[in-house]
Amino acid sequence: MTVGVVMLVHTALGRAEQAARHWAASGCPVMIHVDKSVSRKVYDGFVKALDDVPHINFSKRYRCEWGTWGIVAATQTASARLLDEFPEVRHVYLASGSCLPLRPVQELIDYLAARPRTDFIESATTADVPWTVGGLDAERFTLRFPFSWRKRRYLFDKYVQLQRKLRIKRSVPGGLVPHMGSQWWCLSRQTLSAILHDPARSDYDRYFRMVWIPDESYFQTLARQYSTNIESRSLTLSKFDYQGKPHIFYDDHLQLLRRSDCFVARKIWPHAHRLYDAFLTDTAGAMSKQEPNPGKIDRVFAKAVERRVRGRAGLYMQSRFPREDWENGVTAAPYSMFQGFAELFEDFEPWLAKATGARVHGHLFAPDRVHFADGQTAMNGALSDSAVLRDYNAKGFLTNLIWNTRGERQCFQFGPTDNQIINWRVAKDPNAQVSVITGAWAVPLFRSNANFIDLRQEAARLQKIESDHLDVLRSTWTKARVRIWTMAEFIEAPMEPLQTILDEIGPSTQRRLAEAPRMVDLTGFGQFLQNLKNQGMHPYLMGDFPVDPGETARKPRTPPRPYVVR
Amino acid sequence: MHHTPTLLARYKLRLRRKRLLWRAFRKRLEIKAVSRKTHNIHAQDILVFATVRNEAQRLPYFLDHYRRLGAGHFLIVDNQSEDGTEALLRAAPDVSLWRGTGSYKASRFGMDWLTCLQWRYGHGHWTVTVDADELLIYPDWEKRDLRALTTWLDMRGLPQFGALMLDMYPKGPVAAHAYTPGQTPTDVLQWFDAFGYWAQMQPKMGNLWLQGGARARMFFGDKPQLAPTLNKIPLVRWHRSYVFVNSTHNALPPALNRSYDTDGFEKPSGVLLHTKLLPDAPERARIEKLRAEHFARPDTYNDYYDDLAASPDFWCESSVRYEGWQQLMRLGLMFGGDWHPFDRH
């Protein structure tokens with residue numbers, strides 16, 4: 001008793017010849033079907049090339065266009081002939097010209113000999129399989145598909161729509177339950193001959209002729225009628241990507257295929273010399289009794305699909321330029337933007353760096369230049385501190401910075417004097433942690449030595465800019481983690497918000513804060529604000545600051561009030 | 001940022017494409033066949049198109065590289081070389097050679113000439129359009145040649161494959177090294193910039209505009225708008241209605257420019273290893289400045305030529321030593337997409 005092979009061939013005839021010889025050399029009769037679209041001349045050459053091998057025959061040729069009946073017809077004819085001409089065949093293995101046996105054929109023969117009544121055919125009801133692509137699953141069996149999907153896509157789609165609209169439904173003949181599965185099966189003589197000689201076969205054939213992709217459902221459905229023992233899996237390892245295109249195996253998959261312990265794999269790239277050399281000459285083999293284990297390979301491929309679904313967040317490059325709101329992650333890693341902190345605390349940046357271990361930059365978007373941490377003139381050597389270069393593509397500058405420094409938390413200062421063009425990008429970015437002390441931009445003005453008229457103008461300008469920014473941060477589209485305090489509110493109890501921010505930044509700050517940043521001297525600030533008001537400019541973003549310092553607990557005589565944690 | 005162009009805009013692009021095709025047709029008389037072996041071209045062959053000038057140094061490896069990738073035939077226009085380029089190319093059995101007699105600049109930097117050849121010989125073929133100092137690599141290129149890649153692209157109905165041009169440079173002054181023709185260029189040009197690239201959309205033709213890299217870092221820090229453009233579309237399944245617009249940075253019809261994914265995924269893409277900075281680069285810069293044949297407004301680039309002619313050292317602390325395609329994938333300079341989804345991180 002042996003295994004017969006039905007081989008469907010349409011291209012790469014040289015490789016098909018190699019595979020056929022390999023099967024035949026182990027005593028497996030081979031029935032080859034060559035697609036009708038292969039020219040007569042090429043076909044004759046192919047037949048002649050295999051002249052010297054006994055037990056290789058060629059069956060009647062059909063035109064096998066993908067998704068159409070021809071493939072089933074070719075399979076029927078070829079397997080019928082194989083069963084007729086080689087009575088010693090107990091199992092028929094359906095393979096293609098681009099299938100490659102991965103294990104010695106004798107191992108497959110032994111494996112099947114030990115399971116004489118088992119049919120290996122992947123077969124599941126449409127309700128159970130999620131793998132169809134293009135939205136047609138149950139409808140494959142209830143609509144008609146007379147038009148080619150490849151060549152007459154327009155008619156194909158229109159006809160589907162029409163049938164849906166008219167609610168035309170075909171009934172499945174003879175109480176069949178439609179099943180689907182991989183095209184590549186291995187059936188026992190009993191089951192296969194029962195299918196081929198079924199008295200109702202002409203009815204079934206007529207029905208399946210108009211089913212879409214019948215090669216994935218004809219045998220899969222009918223085997224359920226006759227088989228006494230179905231193993232619903234394919235002995236052929238084949239993988240599909242998310243579009244339903246078969247994965248092709250190349251030379252670099254050699255180890256992966258070896259580890260799979262599968263009997264046969266497809267599709268193999270015809271120029272994959274290493275694969276063909278390795279698997280077709282390796283006749284000695286280990287004679288392992290190993291069960292096929294596609295699970296290993298499955299995991300690798302599942303991972304690949306998952307990665308595809310995600311893409312690398314925060315990377316804008318050749319190959320990946322997501323349109324806005326489709327980024328799947330605006331930036332590569334979490335980062336923090338601080339507004340007003342560096343103005344309110346004298347040593348905020350070194351303090352934050354010490355407390356968190358993060359890289360703390362100054363105003364990255366300042367008008368004069370990029371204030372990188374530690375006064376560096378470039379980050380990673382290639383992001384220069386030139387404001388021209390940054391503003392040329394400010395959003396790109398930010399995403400680049402975060403991408404290029406992944407692995408190290410980035411923090412930077414921001415304020416109304418900076419380039420505001422990034423505001424929306426930051427606001428919509430779930431990676432962003434934005435903390436704002438509103439109105440703190442007034443502190444540098446308060447401490448400056450400029451003319452009051454100029455200060456008043458500048459204050460009005462900055463207040464307008466910050467107010468616009470706050471609108472962005474408070475909008476419904478904002479995905480960043482935003483915290484906003486008025487300045488008055490913040491200095492009331494600064495340690496609590498600071499602790500919250502630090503806790504969020506990272507595990508390196510598990511302990512409570514030992515040391516607080518030093519707040520600038522705000523004596524007279526309330527009066528300063530009042531002066532602005534008196535000039536007709538109403539600074540409201542700071543919250544309520546009493547004019548008379550005597551009334552407030554915040555009256556910092558000497559020294560500036562230290563906020564030390566208990 | 002991304003928007004659907006109006007009917008009028010699309011029509012204008014169509015007119016532009018027709019105009020470029022017509023222009024190339026008129027320029028057909030400027031190229032004379034020196035050695036035509038095009039009868040050897042098979043229907044399935046991958047064709048390489050290039051315009052060259054004095055590239056006897058780079059061509060031996062260039063030809064080897066693309067032969068190794070499975071290229072079937074080379075169609076090359078020689079723009080008045082004086083260094084034996086012509087003899088070298090004549091001798092190669094798989095090279096058809098033309099001589100370009102007109103102005104390089106007036107022929108859109110050789111693009112008109114190539115458009116003629118692509119129109120005549122490229123139709124229906126997968127074509128590689130590159131300069132002699134551009135070596136195309138992509139994920140797993142050593143084991144899967146261009147025939148595998150183009151079959152894969154065909155299966156998915158993708159008409160093109162994009163690449164980032166990556167400036168490779170040596171450590172130390174550019175001219176202080178030695179290069180023998182035929183030698184692997186990355187033996188000399190071992191370094192590149194892993195960071196400092198920026199991308200933006202050009203809505204008109206829907207192409208990406210990628211800039212940055214070593215030359216941008218060295219020469220264009222204060223005028224980024226002039227920094228070299230790095231996005232290219234070297235691999236296209238040609239149709240005679242296609243035309244490249246600005247070098248191979250963008251093409252028409254605009255669908256050819258969609259070499260990137262906009263939904264948050266990654267399309268596969270390659271890298272063009274740019275071997276411009278081999279030891280002869282400073283000398284070439286001097287000559288190119290005098291010829292003023294290279295940019296639309298050559299004067300704007302005088303500083304660039306002067307800087308390059310001074311044989312600068314491109315190397316800096318953050319330069320990265322080239323290891324191969326896996327490294328470039330890791331760094332996000334090259335993408336596997338569904339073509340090579342493994343070992344990406």
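Helix α2 of chain B is followed by B:G70, whose phi is positive, near 95 degrees. The model is a predicted one, in which local features need pLDDT of at least 70 and side-chain atom pairs count only at pLDDT 80 or more, while totals for chains, interfaces and linings use all residues. Residues are numbered from 1 along each chain as its sequence is written, and chains are lettered from A and ligands numbered from 1 in the order in which they are written.

Within α2(B), which covers residues 59-68, the buried positions are B:L59, B:Y61, B:F62, B:L63, B:H65 and B:Y66. A residue is called buried if 20 or more other C-beta atoms, placed from the backbone, lie within 10 Å of its own, exposed if there are 12 or fewer, and partly exposed in between. The buried residues of α2(B) pack against β2 (46-52), β3 (71-78), α3 (85-91), β5 (126-129), β6 (134-137) and α6 (185-188) of chain B, where contact is taken to require C-beta atoms, placed from the backbone, within 7 Å of each other.

Chain B as a whole has 10 helices and 15 strands, and its C-alpha trace spans about 50 × 45 × 40 Å along the principal axes.

Chain A has 22 helices and 19 strands. Its radius of gyration is 36 Å, well over the 24 Å that the globule rule gives for 566 residues, so chain A is more spread out than a compact globule. The C-alpha trace of chain A spans about 110 × 60 × 45 Å along its principal axes, and buried residues make up 41% of the 566 residues.

One part of chain A is an open sheet of 5 strands in the order β14-β17-β13-β18-β19, with parallel pairing; strands pair if DSSP finds at least two bridges between them. Its edge strands, each pairing on one side only, are β14 (359-363) and β19 (481-486) of chain A, and the twist averages 15 degrees from one strand to the next. Helix α19 (residues 452-473) of chain A lies across β18 (432-438) and β19 of chain A, running at about 140 degrees to β18(A); axes are lines fitted to C-alpha atoms, for helices over the stretch in contact, and angles run from 0 to 180 degrees between N-to-C directions.

Elsewhere in chain A, the axes of α7 (residues 189-196) and α9 (residues 218-226) come within 9 Å and cross at roughly 110 degrees. That makes α7(A) roughly perpendicular to α9(A), a term for angles of 65 to 115 degrees, whereas those under 35 count as roughly parallel, those over 145 as roughly antiparallel and the rest as oblique. Here A:T191, A:A194 and A:I195 of α7(A) meet A:F219, A:L222, A:A223 and A:Y226 of α9(A).

Two loop positions in chain A may be set side by side. A:S182 is found in the loop between β8 (179-180) and β9 (186-188) of chain A, and A:S182 counts as buried because it has 23 C-beta neighbours inside 10 Å. Apart from neighbours within four places in sequence, A:S182 is in contact with A:E122, A:S234, A:T236 and A:S238. A:G524, in the loop between α21 (495-505) and α22 (525-534) of chain A, counts as partly exposed because it has 13 C-beta neighbours inside 10 Å.

How do the two chains meet? In all, 42 residues of chain A are in contact with 51 residues of chain B. On the side of chain A that touches chain B, α12 (294-310), β16 (383-384), α15 (387-392) and α16 (394-404) of chain A each supply at least two residues.

Key:
Contact = placed C-beta atoms within 7 Å. Helix = DSSP H or I, 4+ residues; strand = E, 2+ residues; numbered from the N terminus. Rg over C-alpha atoms; globule rule 2.2 N^0.38 Å.
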